[in-house]
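Please consult the sequence and the structure shown here before reading on.

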Amino acid sequence: TPRKVNWIHADYKVKNYAENYVWAMKKFLKRFDAHVAVSNVAANSFKEIFELPEVKTIHNLMQVNQIIERSNEQFERRHKEFTFVCVGRLHPQKSYDRLLNAVASLNAEGFKFHVDVLGDGPDKELLFKQKEDLNIHNVHFLGNQANPYPFIKHSDALLLTSIYEGLPTVVFEALILHTPVLTTKVAGVDEQLDFGGGMIVE
């Protein structure tokens, strides 16, 4: 007999996609045989909000050998100065507006660095305008990249500025490629960085 499994990829305490019909979701979720979240934080949030007896945790599976192999493709580093890389769609969830404000403050203090942003999305024009208004020249929006792994491998650190996640896969990808991680405190990163490899900021 087929079993129905519900996979949870978000922290519903931070972003509840069902906030207007929680009662209906509670009824609907009873049809599933199991509930699985990608992080402990996401599991606990979902379990509490929808009053479920159990939500298991299984981290995203990673194709480690493929990531390493693709990261070794020919690549020329773009900057001599310290370089951060961001990977993710240009969407309010990723909070790139906050990134630009932080960069503007650091530039005013005289720090020299670059930020390469890989991805596209609905906030593109707003972010381009904000970058222009703040007179920022060291943040580079490079659009979608078919292979982001060389960028991650050859950067000095991965930067994650999201306001919510379920389990950010890009953090695992950076750790596989031995690139340090600087991330906001979102669901999953405590588990991912449990053995080191990065820093979590509020």
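In this predicted model, E165 and K94 join their side chains in a salt bridge with an N to O distance of 2.7 Å, the term denoting a side-chain nitrogen of Lys or Arg within 4 Å of a carboxyl oxygen of Asp or Glu. The two residues are 71 residues apart and link distant parts of the chain, with E165 in the loop between β7 (157–160) and α7 (169–176) and K94 in the loop between β4 and α4 (96–108); helices (H or I, at least four residues) and strands (E, at least two) are DSSP runs, numbered from the N terminus.

**Accessibility of this pair**
- E165 counts as buried at 9% relative accessibility, where buried means under 20% relative accessible area, exposed over 50%, and partly exposed in between (1.4 Å probe, protein chains only).
- K94 is likewise buried, with a relative accessibility of 11%.

**Other salt bridges**
- The whole structure contains eight salt bridges according to the search.
- D116 and R78 form one at 2.8 Å, N to O.
- Because D116 lies in strand β5 (residues 113–118) and R78 in the loop between α3 (64–71) and β4 (82–87), this pair ties together parts that are 38 residues apart in sequence.
- D116 is buried at 4% relative accessibility, whereas R78 is partly exposed at 41%.
- K56 pairs with E54 in a salt bridge whose closest N and O atoms are 3.3 Å apart.
- K56 is partly exposed at 44% relative accessibility, and E54 is partly exposed at 47%.

**Basis of the values**
- Residues are numbered from 1 along each chain as its sequence is written, and side-chain values use heavy atoms, leaving out hydrogens and water.
- Local features need pLDDT of at least 70 and side-chain atom pairs count only at pLDDT 80 or more, while totals for chains, interfaces and linings use all residues.
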